[in-house]
Amino acid sequence: MPRTPLPLTQDIDSLSILDEHGNLDHELEPELSNEKLLELYRAMVLGRKFDERMLDLQRQGRIGTFPPTKGQEAAQIGCSAVLEKKDWFVPSFRETPAEIHRGRSLESILLYYNGFNEGARIDPKQRDLPMSIPVASQILHAVGLGMAAKYRKTDEIVMSIFGDGATSEGDFHEALNCASVFRSPVIFVCQNNQWAISLPINKQMHSKTIAQKAAAYGMPGIQVDGNDILAVYSAAREAADRARRGEGPTFIECVTYRIMMHTTADDPSRYRMNEDVEKWKKKDPISRFTRYLIDKNILSEEGSKAIEKEILTEIQSSVEYAEKTMKNIGNPLEMFDHLYDELPPYTQTQKKELENLLAARGEGNHG
């Protein structure tokens with residue numbers, strides 16, 4: 001029998017609305033109020049400034065290891081902007097700007113990266129899951145949440161964000177397959193920042209795009225310029241509307257770049273070229289969006305500086321509050337309370353040594 005081509009005709013679009021040179025595709029420009037545009041701008045700047053302050057704090061030994069997000073603000077805020085309070089957000093560990101935009105306090109994040117359990121607690125009214133550290137593991141949870149929402153006949157939707165490295169994990173493929181079969185109302189968002197720790201994207205996979213993986217699971221997929229918040233918002237808006245109409249999941253690939261290190265324990269100069277970093281800095285999502293807002297007379301240079309000043313004050317206040325709080329919560333000795341019914345002798349010794357150390361320092365807690 002002769003070979004015949006199968007009717008596999010799904011196309012994968014690439015979407016850009018505001019390019020790195022400030023060129024706007026007026027036909028594709030989303031209809032957003034001035035207030036909404038300024039809200040998105042402030043969220044991006046807050047995410048950037050808080051990220052920079054976190055790096056300073058880590059270098060001063062005032063927080064532990066954390067994953068910077070600089071350069072990925074458009075991908076995160078553009079997506080989270082389409083969610084409502086009733087919807088579910090399922091992040092991995094690099095979605096700090098989106099978590100803040102969803103309502104997580106800066107103090108909570110500071111406590112978390114200082115090792116306090118209190119920093120991992122999510123307000124019960126907040127439909128966000130705690131950040132997931134194991135790569136791709138949270139994507140399956142998002143599918144389950146979506147199936148529950150569908151079973152209960154609500155119009156709630158779910159968004160899960162992950163990195164390009166997650167798409168090489170089995171959990172990713174199981175999640176997309178299950179979501180497609182059961183029409184789970186989930187928006188899968190991949191922040192393709194080009195690196196899975198030190199492994200470049202061209203050594204992770206041979207597919208030309210990550211978005212095309214959606215076709216294997218029979219769901220719509222799209223690739224967007226992840227540094228263009230208008231494009232990200234438009235793609236996410238379309239996916240959210242589909243999910244609420246009961247038409248199932250969508251996969252969005254946001255092409256962006258990890259400007260900083262994987263985590264503060266990493267040295268990217270050992271495995272990537274500085275020229276590439278400089279090239280991507282010219283595509284900065286905040287600079288691009290600022291020019292757009294100024295051109296539309298929604299924002300001025302003075303207005304931009306005022307917003308930045310207000311944000312820096314907010315961050316400073318949060319740092320001071322969190323550091324004051326740390327002196328009055330938590331007790332390191334509690335770590336010995338839940339592992340054994342009766343502590344083994346060597347663990348009793350460790351507990352006594354820590355107790356003596358804290359007493360010598362005059363510390364009754366982490367502070």
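Of the 367 residues in this chain, 51% count as buried. The model is predicted. The fold comprises 13 helices and 8 strands. Its radius of gyration is 22 Å, close to the 21 Å given by the globule rule for 367 residues, so the chain is as compact as a globular protein of that length.

**Overall dimensions and contacts**
- The C-alpha trace spans about 75 × 60 × 45 Å along its principal axes.
- Among contacts with a separation of 6 or more, 75% join residues 24 or more positions apart.

**Surface and charge**
- The chain exposes about 18,800 Å², of which carbon and sulfur atoms supply 51%.

**Backbone: residues with positive phi**
- Most residues other than glycine have a negative phi.
- Ala136, which is not a glycine, has a positive phi near 75 degrees.
- Ala136 is located in the loop between helix H4 (106-112) and helix H5 (137-151).
- With a relative accessible area of 3%, Ala136 is buried, because the cut-off for that class is under 20%.
- Lys153 likewise is not a glycine, and its phi is positive at about 60 degrees.
- The loop that holds Lys153 runs between H5 and strand E3 (158-163).
- Lys153 counts as exposed at 74% relative accessibility, because the cut-off for that class is over 50%.

Notes: Residues numbered from 1 in each chain as written. Predicted model: local features only at pLDDT ≥ 70, side-chain atom pairs only at ≥ 80, totals over all residues. Heavy atoms only, no water. Helix = DSSP H or I, 4+ residues; strand = E, 2+ residues; numbered from the N terminus. Rg over C-alpha atoms; globule rule 2.2 N^0.38 Å. Buried < 20%, exposed > 50% of the residue type's maximum accessible area, 1.4 Å probe, protein only. Contact = heavy atoms within 4.5 Å. Areas by Shrake-Rupley, 256 points an atom, 1.4 Å probe, with all protein chains shown as cover.
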